[in-house]
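Biologist: I am new to this structure. Please take me through one part of it closely.

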Amino acid sequence: MNSLSKHLLTGLLFAAGIYGVVNGEFIISSALFAITTYTSSIKNRKS
């Protein structure tokens, strides 16, 4: 996963989590925030 796609995925999941909080879907938004934390901590690996 290159840097740009990782940042896009993290940003998209974060925005979806905010949208879930606004709509009252707290369980789904909590899962999205957990996935966002996981994807933001993935380091770039050289193959």
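Modeller: A word on the model first. This is a predicted model, in which local features need pLDDT of at least 70 and side-chain atom pairs count only at pLDDT 80 or more, while totals for chains, interfaces and linings use all residues. Residues are numbered from 1 along each chain as its sequence is written, and side-chain values use heavy atoms, with hydrogens and water left out.

Now your residue. Ile-35 is partly exposed, because its relative accessible area is 41%. The cut-offs are these: buried means under 20% relative accessible area, exposed means over 50%, and partly exposed lies in between (1.4 Å probe, protein chains only). Ile-35 sits in helix H2. Helices here are DSSP runs of H or I with at least four residues, numbered from the N terminus. From Ile-35 to Leu-9 is 26 residues in sequence and 9.9 Å in space, C-alpha to C-alpha.

Next, the packing. Helix H1 covers residues 3-22 and helix H2 covers residues 26-40. Their axes are 8 Å apart, at an angle of about 160 degrees. Axes are lines fitted to C-alpha atoms over the stretch in contact, and angles run from 0 to 180 degrees between N-to-C directions. So H1 is roughly antiparallel to H2, a term for angles over 145 degrees. The crossing of the two helices is left-handed: the near helix is turned anticlockwise from the far one by less than a right angle.

Which residues meet? On the H1 side they include Leu-9, Thr-10, Leu-13 and Phe-14. On the H2 side, Ile-35, Phe-33, Thr-36 and Thr-39 are among them. Contact means heavy atoms within 4.5 Å. By class, the contact of H1 with H2 has 10 nonpolar, 7 polar and 1 charged residues.

Look at Thr-10, in helix H1. Thr-10 is buried, because its relative accessible area is 16%. Leaving out residues up to four places away in sequence, Thr-10 touches Thr-36, Thr-39 and Ser-40.

Last, the rings. The structure holds 1 aromatic pair. Phe-14 and Phe-33 form this tilted pair, 5.7 Å centre to centre, with 55 degrees between the planes. Rings pair if their centres lie within 6.5 Å; planes under 30 degrees apart are stacked, over 60 edge-to-face, and the rest tilted. The pair links Phe-14 in helix H1 to Phe-33 in helix H2, 19 residues apart. Phe-14 is partly exposed at 43% relative accessibility, and Phe-33 is partly exposed at 26%.

Key:
Parallel < 35°, antiparallel > 145°, perpendicular 65-115°, else oblique. Nonpolar A, V, L, I, M, F, W, Y, C, P; charged D, E, K, R; others polar. Phe/Tyr/Trp six-rings, centres within 6.5 Å; stacked < 30°, edge-to-face > 60°.
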